[in-house]
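Please walk me through this model in the viewer. Tell me what to select at each stop, and what is there.

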Amino acid sequence: MRHPKILTSLLATAVGAGLGLSLGAVPAAAAPVPSAAHAGSVGYAGSAEEARANQAFFDAVLRSVAKKRAATPGATAVTVVYSAANAPSFRTQISRSAQIWNSSVVNVRLVEGANADFAYYEGNDSRGSYASTDGHGNGYIFLDYRQNQQYNSTRVTAHETGHVLGLPDHYSGPCSELMSGGGPGTSCTNAYPNSQERSRVDQLWRYGLASAFKSS
């Protein structure tokens, strides 16, 4: 999720004190090295590299779920398991984000548990919050402290979770569009996907999982 309005101050902080400057919390664990960089700017509209990283994340989660479900095909809803162990400061937002998505779509459900398909991490990063892969087929979401202080934290988390479910960024969209991310500014607090986003996720998890089964 982009945060163009705070990029300049973030970069100044990074140069002056390093990216490890704490904002009142210490990361529980370092996140994996992302496969694509995330740098914000005014009017940022996304990059091809970022789009590829988001697609790779979705594909990794699909493959993970497909492998675990190979023995029980045909269920109406697919369960995607996440771990919040490395993002303890955001447990409430992560849980709320899962509830939002679970109440919005029918073909996929998010639950916390062991043997996770993806994980959440927390910390400080000038790129803000993002979804990516570690280059080894594992997906993760990184939640940045400062961005979550300036933007609605549940919206940030639900937006990044949207990438898990296959949705791309669309920063030029209105506040009513969850995947518009930080585009509408800090005053936007909507954390719910609109009808088009809900429909797209259900479509992806109806047909995308079948493809993942074939390739797993």
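## Stop 1: the sheet

Select strands S4 and S5 (residues 139-144): the two pair in the antiparallel sense over four bridges. Keep in mind that the model is predicted.

Now widen the selection to the whole sheet. It is open, has five strands in the order S2-S1-S3-S5-S4, and its pairing is mixed. S2 and S4 (130-133) stand at the edges with a single partner strand each, so one side of each has no neighbour in the sheet. On average, neighbouring strands here are turned by 30 degrees against each other, direction ignored.

## Stop 2: strand S3

Which pairing sense links S3 to S1, and over how many bridges? S1 and S3 are parallel, over three bridges. Show Asn86 here; its bridge partner in S3 is Tyr121.

Turn to S5. S3 and S5 also pair in the parallel sense, over six bridges. Pick out Gly123, which stands opposite Asp144 in S5.

Colour S3 by accessibility. Six of its six residues are buried, so the rest of the structure largely encloses S3. Both faces are covered. Phe118, Tyr120 and Glu122 are buried on one side, and Ala119, Tyr121 and Gly123 are buried on the other.

## Stop 3: the loop between S2 and S3

Select Asn115, in the loop between S2 (108-112) and S3 (118-123). Most residues other than glycine have a negative phi. Asn115 is not a glycine, yet its phi is positive, about 55 degrees. Is Asn115 buried or exposed? Its relative accessible area is 58%, above the 50% cut-off, so Asn115 counts as exposed.

Asp117 has 5% relative accessibility and counts as buried, because the cut-off is under 20%. Draw a distance from Asp117 to Thr79. The two are 38 residues apart in sequence and 9.6 Å apart in space, C-alpha to C-alpha.

## Stop 4: helix H5

Select residues 153-164, helix H5. H5 lies across S1 (78-86), S2, S3, S4 and S5, and runs at about 165 degrees to S5.

Check its length. At 1.5 Å a residue, the 12 residues should span 16 Å; the end C-alpha atoms are 17 Å apart, which agrees.

How many of the 12 residues of H5 are buried? The count is 11, so H5 is largely enclosed by the rest of the structure. Among them are Arg155, His159, Glu160 and His163.

Now look at what flanks the helix. Asn152 caps the N-terminal end of H5, with a side-chain oxygen 3.3 Å from the backbone nitrogen of Thr154. After H5 comes Gly166, with a positive phi near 110 degrees.

## Stop 5: the disulfide

Select the cysteines. The structure holds one disulfide. The bond joins Cys175 to Cys188, at 2.0 Å from S to S. The link of Cys175 and Cys188 is right-handed, with 90 degrees about the S-S bond. Cys175 and Cys188 are 13 residues apart, each in the loop between H5 and helix H6 (195-215).

Finish by comparing the two ends. Cys175 is partly exposed, at a relative accessible area of 26%. Cys188 is buried, at 4%.

Technical notes
Residues are numbered from 1 along each chain as its sequence is written. This is a predicted model: local features need pLDDT of at least 70, side-chain atom pairs count only at pLDDT 80 or more; totals for chains, interfaces and linings use all residues. Side-chain values use heavy atoms; hydrogens and water are left out. Buried means under 20% relative accessible area, exposed over 50%, partly exposed in between (1.4 Å probe, protein chains only). The expected span of a helix is 1.5 Å times one less than its number of residues. A polar contact is a pair of N or O atoms within 3.5 Å; within protein, one must be able to donate a hydrogen and the other to accept it, and residues adjacent in sequence count only if both atoms are side-chain atoms. Two strands pair if DSSP finds at least two bridges between them. Axes are lines fitted to C-alpha atoms, for helices over the stretch in contact, and angles run from 0 to 180 degrees between N-to-C directions. Contact means heavy atoms within 4.5 Å. A disulfide is a pair of cysteine sulfur atoms within 2.5 Å.
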